[in-house]
Structure formats: C-alpha cells, structure tokens
Amino acid sequence: MEQIKWAVNKMPKTADTNLPIMGLEEIKKARTFHESFPQYSKTPLTKLDQMAAYLGVKEVYIKDESYRFGLNAFKVLGGSFAMARFIASETGKDVSELPYAVLTSDKLREEFGQATFFTATDGNHGRGVAWSANRLGQKAVVHMPKGSTQTRLENIAKEGAQVDIQEMNYDDCVRLAAKEADETERGVIVQDTAWDGYEEIPSWIMQGYGTMAMEAGEQLKDYGCDRPTHVFVQAGVGSLAGAVVGYFTNLYPDNPPTFVVVEADVAACLYKGAAAGDGDPRIVDGDMQTIMAGLACGEPNTISWDILKNHVTVFIAAPDWVAAKGMRMLAAPIKGDAPVTSGESGAAPFGALAAMTTMDDYKDLRQAIGLDENSKVLLFSTEGDTDPDRYKNIVWEGKEK
Ligand SMILES: Cc1ncc(COP(=O)(O)O)c(C=O)c1O
C-alpha cells in the first residue's frame, strides 16, 4: 500500500496581502448573492458523534456539498459569483445590485448583451459555469482533460454548453480555454485558478466559495461549537483551500484553527512546494491519473498559494486508497451517525483524518497537527457521487476505482 506523505509548513511568511480577498464583508456579499437564487438552501453540516468517539477526537463535522443547487458539488458557488461580478463591473454596478431576479431579467440582458464564458474543468467547475451561463442567458464553452468521464461531459452538455474532452491534461486545457477566450469577441475566461496577470476573476471565484465556509461557521455555532480546532480541506489548484483557510483566518483572527490541506499524491503541487520549503510554488505535470478527478491539477493558484503559505500547518499528499477509505466510511458510518454520500475528491480529507487517527504509521502526522481527544474537526465533502458508476464500484463493490 502506498504511503501518505506530508510536509510541515516551514515556508517563510509573506506580507499576506491576499488575505483580505476573503474578508468577512466580501463574503457576506457572495452569500447574499447566492441566497437570492431560487435553488438556494444551506447545505447540511452533519455531526458524526459515534465516528468522533471511534477516531478518538471530540467532535467531527462534515459539510455536505452534494446538496448544492442540485449539482452535487460546491463548485457552482464560484463560477456563478464570478459571472455576476463580471457583469456588474461591465455594467458599472455593484454586485449587490444584481441578485438573481435582476441578473436574469430582460432589462439586464438588453443592457449587458451576451458574452461567451470559456473554462477548463475536471467536471464540477465546468458544470457550475455552464449551469450559471444557462440561467443568465449567456454562452459557455468548456474543455475537459483526457480521461474525463462521459457522465461528467453529459452533465455539462445538458446545460446547453459547448463541451469536449481534449487529449491533454487539466492545466493545458486551461491554457486552451484562455487562448480561445482571447481570440473570441466578448470571450471571457472564467477559470477557477489564478496566474500572474489573471487574478481578478479567480479572486471572485474564491469569494463565491466563501459562502460555503460562512454557512459552516454559522452551523457550527448552531451545534454549540464556537470554533473548530482543526479544519481539513482538499486541494487541486488550491482555490478552495485558499478560500476556506482565508475565511476562517479572518473569522477567528486571534485564535485560528489548525489548517490541514489534502491533495491527491500524483498532483500534489502544494505539498511539493511545502516540502521544498523555500516558499516558491512547484508544478506537477503529465497525466496525473487518480480517482480524485477534482484534485488532479498540477499548477497552484498563485493568489491562494500565498494565503496557504502563511496559514496552513501541514500539507498532505494522499494516495487513492485514502479517498476510497473516506468514501466507504462516510457511506456506512457507525450506527447512530447519518451517512454522507461523498465522492472521490469530497472524501479525501476524511480518509486522511481516519488514517492518521487509526493507523500507527501516521502517529507522527497526528502529533504534527496536535490532534487529540479535545479536537473539534471540520471537513468539507465537496462533492457527492458526481461519477455514479465509479462511486458504486468503490463503495458497493469494494474496488479500487
Ligand atoms: C469536488 C471537488 N473538490 C475539491 C476541488 C478542489 O478545488 P481547487 O481546484 O480549488 O483546489 C475540486 C476542484 O475541481 C472539486 O471538483
């Protein structure tokens, strides 16, 4: 069995200039925007009491994004808010003037007209962009990397987007989408990652993800938990992780939780950067074959990387079995706890928590993050069974993929 690898963050700290992107006021705007959607409801925060006792911690909470807007993943929060902020800036408005009813009105359509939103995706982000474009009367073009499944493509095509699977990896699909947007009249790239010179739209996407973090913070309070001691979050390019870490750092400025980032080992660009320790990002390329399709990204989001460098305690590179273990344990928890349908990328952090609390090999990891019987752990199941056949194979048939 391949081992989990981890790196304690010893990277030099920076001026932390990107942290205000996830400021509480900014995220309130994203939350208010999402609340204006007819499809909006808070996704559940499930408390696993029996599991917490079994793992030897005090409390375990898991935010279940399989309920998000009927799309089975959190990603739509980013694309929809970024599109709204883009339309707001093009029409000289503040995004608070553009709730769903206004954005979808004939009047605004006349004012803004129609743009074509380009993006690259493993599935979830593209589906969110296609869904949002469809509702807002805009066009979407989506490129998927080699190895993407037909089910994921069909879910995007259903939303009226032009979608294809390319013979290249995710990061190359991003470059293709950016080039096409550049060459198209009223073409806009809405990508869930940032690079030098492309920062504004990805920062809006991160703010959109903030809605999920903000809900979780409130739901913890409803359970009587003032503050989690540990937050586990998964990463592909790291936009989600930057959003979650940034939001909770701003929410608990005096006493932030310990943050743990979990990546797929074949695409562990953030872990590699942390292991190198000089503060520079590292890139992974090639095919990146993993069941964690949402985490198969090898080039870090540059603005997120700065937030992560300053606030994360440990970066973990997880083999596929970790995600599969997490999926199975969440699907069939201990009697008394509610099950969570958690897909490959959704369950990886829980799998990592389970491994480090139950397997002797990872005692050092548990100690490195100070996990013990007083710990209150928050995790995000960022997707449900977005690939239903693979989900059944892993959870029901006990297969590796
Ligand atoms: C379900 C799921 N979880 C987590 C992530 C990771 O997000 P990021 O690429 O921002 O790190 C993705 C990305 O596509 C995803 O689809």
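Here are some friendly questions and answers about the structure above.

Me: What should I know before reading the numbers?
Reply: Residues are numbered from 1 along each chain as its sequence is written. This is a predicted model, where local features need pLDDT of at least 70, side-chain atom pairs count only at pLDDT 80 or more, and totals for chains, interfaces and linings use all residues.

Me: How many helices and strands does the protein have?
Reply: Helices (H or I, at least four residues) and strands (E, at least two) are DSSP runs, numbered from the N terminus. Counted that way, the protein has 16 helices and 11 strands.

Me: Why is the protein said to be as compact as a globular protein of its length?
Reply: The radius of gyration is taken over C-alpha atoms, and the globule rule is 2.2 Å times the number of residues to the power 0.38. For 401 residues that rule gives 21 Å, so the protein counts as that compact because its own value is close, at 20 Å.

Me: What share of the 401 residues count as buried?
Reply: A residue is buried if 20 or more other C-beta atoms, placed from the backbone, lie within 10 Å of its own, exposed if 12 or fewer, and partly exposed in between. By that rule, the buried share of the 401 residues is 59%.

Me: Is threonine 382 buried or exposed?
Reply: Threonine 382 sits in the loop between β11 (376-381) and α16 (388-395). It has 31 C-beta neighbours inside 10 Å, so threonine 382 counts as buried.

Me: Which element gives the largest share of the shell around the ligand?
Reply: The ligand is surrounded by 21 residues, and Thr382 is among the closest, along with Gly236, Ser239, Gly294 and Glu383. Being near here means a C-beta atom, placed from the backbone, within 6 Å of the molecule. Elements giving two or more residues include α6 (124-135) and β8 (230-235). The largest share, 3 residues, comes from α10.

Me: Is tyrosine 223 buried or exposed?
Reply: Tyrosine 223 is in the loop between α9 (200-222) and β8. It has 12 C-beta neighbours inside 10 Å, so tyrosine 223 counts as exposed.

Me: How far apart are the end C-alpha atoms of helix α8?
Reply: The expected span of a helix is 1.5 Å times one less than its number of residues. For the 14 residues of α8 (170-183) this comes to 20 Å, and the distance between the end C-alpha atoms agrees, at 20 Å.

Me: Which strands do the buried residues of α8 pack against?
Reply: Among the buried residues of α8 are Tyr170, Cys173 and Val174. The buried residues fall within an arc of 155° (the directions from the helix axis to the C-beta atoms), so they line one face of α8. The face turned away carries the exposed residues Asp182 and Glu183. The buried ones pack against β4 (116-120), β5 (139-144) and β7 (187-189).

How values were computed: Contact = placed C-beta atoms within 7 Å.
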